[in-house]
Structures are given as structure tokens and as C-alpha cells.
Amino acid sequence: MHKNIVVTLMYNKAYLTESLLNGLAKYERDGIDKVIVVDNGTTEKDSLWQMRQWACCFPFDIQIETLEKNLGFTLGANYGLQVADEDPFENNLVFLISNDVEIKGKFVDQAEQVFNEGRLTLIGNRHINWNSGWNEFDGRVFDYLEGYFLAATSSGWRHLNYFDPNYAPFDMEDVDVSTRAKSL
């Protein structure tokens, strides 16, 4: 047995996270078991108040993890992924979704099917195989999965060792984790 868990980061602008939660509730009401919102050092009082209202309003469990200061995407995401890994169910499917993503349809069943076939360690919404400006080093273009929507089993995230903290706060962690996933 496993759970389907979404991890998302929030720094202020709670309306973005609430929009993501609404999309998840609309399209994946029965597909998502838990959403872990990593409050990445939010300072807006309205956003803090809004977060406290979410638990009663959505059809899935919402767990808010509060960080004292903004750790940036890489370290904040690692924190949320590690919290998801603490769930007692074995081999959960863990989606890392940026809070500004607009959910426009169902995705859990397709992701479960891919992982049940055992073909991949990491999946994403968009595969970049051209020079996007983020993925060219010394004349070589690395193809990668854009980091705004990634999924792996909890053991897959653990096997990848999450995001490399050396990329904090400068980005490109999605290029790195995609490259490592391809080599497995």
C-alpha cells in the first residue's frame, strides 16, 4: 500500500498555493492523499492566516511545515521531500509541484502506471532536450525534466539523494537530478 503525496513550497503569496490546492481538489480529489506545504519563511501576515484555513477546506490531508527562514527552492524542496519520506507507508508516490503550477487535469493514474511498470526513477511534466539557457555547459546541452513538476517514489527520491544542495540557491538542480536519474 502507498499514498500519493504532493510537496509544494510557499514563500508569501498564499493565493498561488491556494490555487494549486483548488486544482488538486478539482481534478485529483480521490487521487491525492496528502499535501505537504513547506512554508519557506513566509512573512506576510495575510498568507500566514490563509494557511491556517486550508486544513478544513480540502478533501485531502494538508500538512504545513514551517521553516524559520527562506532556504530557497533546492533546500526547501529537500526538506519537504524528506518529510514526505517519513510517512509510514512504503514507497509512496511523491510529486514535487511548484505552487504556481495550474493543474488542468488528472495526472496521478498515469504516473502510477509508469512507476508500476518499473521503467523510470523520475518523471516530469516537460522534457527539455534543446538549449533552454539553463542546460548548456562547455558547449554540451543536457536534456532534463523541468523542476516545476517532478515525481518519483519515496525510495526513488531517496536513491537520487534528493536535490544536490550545492545548487542552492543558484538553480539548475533539476538539470542535475535529471542527469543522475538517467544514469540509474
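## Close-ups of a predicted model

View 1. Of the 28 residues in the largest nonpolar core, the ones touching the most other members are Leu24, Trp54, Phe60, Phe95 and Phe107. Two or more residues each come from β1 (4-10), α1 (14-27), β2 (34-40), β4 (93-97), α4 (108-116) and β10 (149-153). Helix α1 hands over the largest share, five residues. As background, nonpolar side chains in soluble globular proteins tend to be buried together. This is a predicted model, so keep that in mind for every view here.

**View 2. Phe60 and the residues around it.** Phe60 is one of the core residues that touch the most other members. Skipping residues up to four places away in sequence, its contacts are Leu21, Leu24, Ala25, Ile32, Asp33, Lys34 and Val35.

View 3. Phe107 sits in the loop between β4 and α4. Is it buried or exposed? Phe107 counts as buried, because its relative accessibility is 11%, and the cut-off for buried is under 20%. Beyond its neighbours within four places in sequence, Phe107 is in contact with Leu24, Glu28, Ile32, Phe95, Ile97 and Phe149. Take Glu28: it is 79 residues from Phe107 in sequence, yet their C-alpha atoms are 7.8 Å apart.

**View 4. Ser154 in helix α5.** Ser154 belongs to helix α5, which covers residues 154-160. With a relative accessible area of 5%, Ser154 is buried. Leaving out residues up to four places away in sequence, Ser154 touches Asp85, Asn91, Asn92 and Val94.

**View 5. Ile64 on strand β3.** Ile64 is part of strand β3, residues 61-67. At 32% relative accessibility, Ile64 counts as partly exposed. Its contacts, not counting residues up to four places away in sequence, are Val37, Asp39, Met51 and Trp54. Asp46 is 18 residues from Ile64 along the chain, and the two C-alpha atoms are separated by 16 Å.

View 6. Most residues other than glycine have a negative phi, and most peptide bonds are trans. Ala168 and Pro169 are joined by a cis peptide bond, with omega at about -5°. Pro169 is in the loop between α5 and α6 (173-182). Lys13, not a glycine, has a positive phi of about 45°; this residue is in the loop between β1 and α1 and counts as partly exposed at 43% relative accessibility. Asp138 also has a positive phi, near 50°. It lies in the loop between β7 (136-137) and β8 (140-141) and counts as exposed, at 86% relative accessibility.

**View 7. Zooming out for context.** The protein has six helices and 10 strands. Its radius of gyration is 16 Å, which agrees with the value near 16 Å for a compact globule of 184 residues. The C-alpha atoms fill a box of roughly 50 × 35 × 30 Å along the principal axes. Of the 184 residues, 48% count as buried. Of the contacts between residues at least 6 apart in sequence, 75% join residues at least 24 apart. The protein exposes about 9,800 Å², with carbon and sulfur atoms supplying 48% of that area. As for charge, the mean positions of the 16 positive and 28 negative charges are 2 Å apart.

Technical notes
Residues numbered from 1 in each chain as written. Predicted model: local features only at pLDDT ≥ 70, side-chain atom pairs only at ≥ 80, totals over all residues. Heavy atoms only, no water. Helix = DSSP H or I, 4+ residues; strand = E, 2+ residues; numbered from the N terminus. Rg over C-alpha atoms; globule rule 2.2 N^0.38 Å. Buried < 20%, exposed > 50% of the residue type's maximum accessible area, 1.4 Å probe, protein only. Contact = heavy atoms within 4.5 Å. Areas by Shrake-Rupley, 256 points an atom, 1.4 Å probe, with all protein chains shown as cover. Lys, Arg positive; Asp, Glu negative; His and termini not counted. Charge placed at Lys NZ, Arg CZ, Asp CG, Glu CD. Core = buried A, V, L, I, M, F, W, Y, C linked by side-chain atoms within 4.5 Å.
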